[in-house]
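Biologist: Can you put the model up? I have some questions about how the chain is put together.

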Amino acid sequence: MKFNKWFLFLIPIIAILAYFSIPTAKPVEETGADVLKIRSDKDEAFKSGEESPIKDKATFKGLKYYSFNKDYIVDFVLEKAEKAKTVELKMTDGTTEKLILFGKIKGEIGGFSISLTLYQHEDGNFFLPFKDKTAPTETYGGGRFLDLPLTNVKNNRLRVDFNLAYNPYCAYNEDFACPIPPAENTLPIRIEAGEKLFN
């Protein structure tokens with residue numbers, strides 16, 4: 001039986017992101033303290049949580065990540081679709097998941113112009129599935145995800161921290177199903193940030 005529980009960590013991750021979006025004396029993205037906190041909390045949840053996709057929790061020692069790199073924190077220009085509509089993303093088990101098509105985000109990473117399709121949950125927060133050149137040798141071959149709170153939007157720009165890119169549950173356990181990033185969100189560059197292959 002397949003479980004469409006790829007979004008189980010969405011709420012706590014968004015809560016943490018919202019907390020760290022509050023201005024401080026020194027922006028947390030300069031040190032990556034917020035990213036390390038999120039990774040630590042996720043490791044603990046995967047090791048002991050009832051909803052964890054990890055099969056052998058006894059030997060689980062934590063997930064693998066690229067080192068924090070502030071160059072992968074990008075302020076993208078938001079291009080909202082003329083009319084919001086509900087679309088269906090294909091899942092790895094052949095089913096579909098309904099999301100709101102928000103529009104596009106456009107910006108630059110390492111001198112390359114990037115355009116990505118952006119989705120939105122019913123609660124208003126954003127969902128960004130993507131795949132890059134690190135897959136499938138360094139990162140999950142099916143692509144990675146980003147959950148982005150509305151608090152990341154300022155002056156028609158969306159701050160995207162690729163250090164928070166994560167693998168879906170199906171990367172760890174075939175009993176779970178997860179969305180497949182659309183073809184237009186396949187990047188021709190390497191995003192050496194975020195979660196890596198587990199094994």
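Modeller: What follows goes through the fold, the aromatic pairs, the salt bridges and one asparagine of this predicted model.

Biologist: Fold to begin with. How many helices and strands are there in the protein chain?

Modeller: The protein chain has 2 helices and 7 strands. Along the sequence the pattern reads α-α-β-β-β-β-β-β-β.

Biologist: What share of the residues is buried?

Modeller: Buried residues account for 47% of the 199 in the protein chain. The chain exposes about 10500 Å², and carbon and sulfur atoms supply 53% of that area.

Biologist: Aromatics next. How many pairs?

Modeller: The count is 11 aromatic pairs. One of them is Phe76 with Phe162, an edge-to-face pair with 6.3 Å between centres and 70° between the planes.

Biologist: Which parts of the chain does that pair tie together?

Modeller: Phe76 is in strand 1 (residues 73-90) and Phe162 is in the segment after strand 7 (157-161), so the pair ties together parts 86 residues apart in sequence.

Biologist: Is Phe76 buried or exposed?

Modeller: Phe76 is buried, at 0% relative accessible area. Phe162 is buried too, with a value of 0%.

Biologist: Which residues form the aromatic cluster?

Modeller: Phe46, Phe60, Tyr169, Tyr172, Phe176 and Phe198 form one cluster. Elsewhere on the aromatic theme, Lys196 lies over the face of Tyr66, 4.8 Å from the ring centre.

Biologist: Switching to charges. How many salt bridges does the structure hold?

Modeller: There are 8. Among them, Asp75 and Arg159 meet at 2.8 Å, N to O. That pair links distant parts of the chain, with Asp75 in strand 1 and Arg159 in strand 7, 84 residues apart.

Biologist: How accessible is Asp75?

Modeller: Asp75 is partly exposed, at 34% relative accessible area. Arg159 is partly exposed as well, at 32%.

Biologist: What about a buried one?

Modeller: Asp132 bridges to Arg144, with the closest N and O atoms 2.9 Å apart. Asp132 sits in the loop between strand 4 (126-130) and strand 5, while Arg144 is in strand 5, 12 residues away. Both Asp132 and Arg144 are buried. Separately, shared partners join Glu138, Arg190 and Glu192 into one salt-bridge network.

Biologist: And what does Asp41 bridge to?

Modeller: Asp41 forms a salt bridge with Lys37, the closest N and O atoms being 3.3 Å apart. The two are 4 residues apart in helix 2 (residues 33-48), which means they are separated by about one helical turn. Asp41 is partly exposed at 30%, and Lys37 is partly exposed at 42%.

Biologist: Last topic, Asn173. Where is Asn173 found?

Modeller: Asn173 is in the segment after strand 7. It counts as buried, at 8% relative accessibility.

Biologist: What does the side chain of Asn173 reach?

Modeller: The side chain of Asn173 reaches the backbone oxygen of Pro53 at 3.1 Å. Leaving aside residues up to four places away in sequence, Asn173 touches Pro53 and Lys55.

How values were computed
Residues numbered from 1 in each chain as written. Predicted model: local features only at pLDDT ≥ 70, side-chain atom pairs only at ≥ 80, totals over all residues. Heavy atoms only, no water. Phe/Tyr/Trp six-rings, centres within 6.5 Å; stacked < 30°, edge-to-face > 60°. Buried < 20%, exposed > 50% of the residue type's maximum accessible area, 1.4 Å probe, protein only. Lys NZ or Arg CZ within 6 Å of the ring centre and 35° of its normal. Areas by Shrake-Rupley, 256 points an atom, 1.4 Å probe, with all protein chains shown as cover. Polar contact = N/O pair within 3.5 Å; in protein donor to acceptor, adjacent residues only side chain to side chain. Contact = heavy atoms within 4.5 Å. Salt bridge = Lys/Arg side-chain N within 4 Å of Asp/Glu carboxyl O.
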